[in-house]
Amino acid sequence: MIKKQYIKSRDVYKVTFRLAREEQPEDYRIESVHLVGDFNDWDRTSLPMQALKSGDFKVNVDLEPGSKYEFRYLLNNKRWYNDWEADEYVLGDFGKDNCVVEIPEAPAD
């Protein structure tokens, strides 16, 4: 699940990325999840997601209005996984689909 909230004082969108327990692969025990995308130069370690008691994983990221970003989740530092509620999907450099989050323009005053 992806939630976008505009923060007027900083002119950014606070975007919450949440990998819900029921959206996780059933055949794979997840110990860690990292959010990896072009907003962090595809760094595999810079955005660890917080494990919640519910079994969900989440992280907040500030993103610029009016932009699109490709991303994926990295499970246990080994397995790539998509968010099935992404705004769209594009073919990535390695022949797999990347998720896309589209950030709207800043609201007019």
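**Entry 1: an exposed pair**

I began with Arg29 and Glu31, and both are exposed (over 50% relative accessible area; buried is under 20%, partly exposed in between, with a 1.4 Å probe and protein chains only). I found that Arg29 forms a salt bridge with Glu31, with the closest N and O atoms 2.8 Å apart. I used this rule: a side-chain nitrogen of Lys or Arg within 4 Å of a carboxyl oxygen of Asp or Glu.

I noted the ground rules. This is a predicted model, where local features need pLDDT of at least 70, side-chain atom pairs count only at pLDDT 80 or more, and totals for chains, interfaces and linings use all residues. Residues are numbered from 1 along each chain as its sequence is written, and side-chain values use heavy atoms, with hydrogens and water left out.

**Entry 2: other salt bridges**

I got a count of six salt bridges by this rule. One of them joins Asp62 to Arg10, at 2.9 Å between the closest N and O atoms. Asp62 lies in strand E5 (residues 57–63) and Arg10 in the loop between strand E1 (2–7) and strand E2 (12–19), so the pair ties together parts that are 52 residues apart in sequence. Strands here are DSSP runs of at least two residues, numbered from the N terminus. Asp62 is partly exposed at 42% relative accessible area. Arg10 is partly exposed too, at 47%.

I then looked up Arg18. Its side chain meets that of Asp56 in a salt bridge, 2.9 Å from N to O. Arg18 sits in E2 and Asp56 in the loop between strand E4 (50–51) and E5, so this pair links parts 38 residues apart in sequence. Arg18 is partly exposed, with a relative accessible area of 22%. Asp56 is buried, at 10%.

**Entry 3: the sheet**

I traced an open sheet of four strands, with the order E1-E2-E5-E4 and antiparallel pairing. E1 and E4 stand at the edges with a single partner strand each, so one side of each has no neighbour in the sheet. Two strands pair if DSSP finds at least two bridges between them. E2 and E5 pair in the antiparallel sense over seven bridges. Arg18 stands opposite Lys58 in E5.

**Entry 4: Asp83**

Asp83 lies in the loop between strand E7 (79–81) and strand E8 (88–91). Leaving aside neighbours within four places in sequence, its contacts (heavy atoms within 4.5 Å) include Arg18, Phe71, Tyr73 and Cys99.

**Entry 5: the core**

I looked up the largest nonpolar core and got 24 residues; Phe17, Leu35, Leu63, Phe71 and Tyr73 have the most contacts inside it. Such a core is a set of buried Ala, Val, Leu, Ile, Met, Phe, Trp, Tyr and Cys residues joined through side-chain atoms within 4.5 Å. The elements giving two or more residues to this core are E2, strand E3 (33–37), E5, strand E6 (68–75) and strand E9 (97–102). Not counting residues up to four places away in sequence, Tyr73 touches residues including Phe17, Leu35, Trp80 and Asp83.

**Entry 6: Asp38**

I ended with Asp38, in the loop between E3 and E4. Asp38 is partly exposed at 33% relative accessibility. It touches Tyr69 and Glu70, not counting residues up to four places away in sequence.
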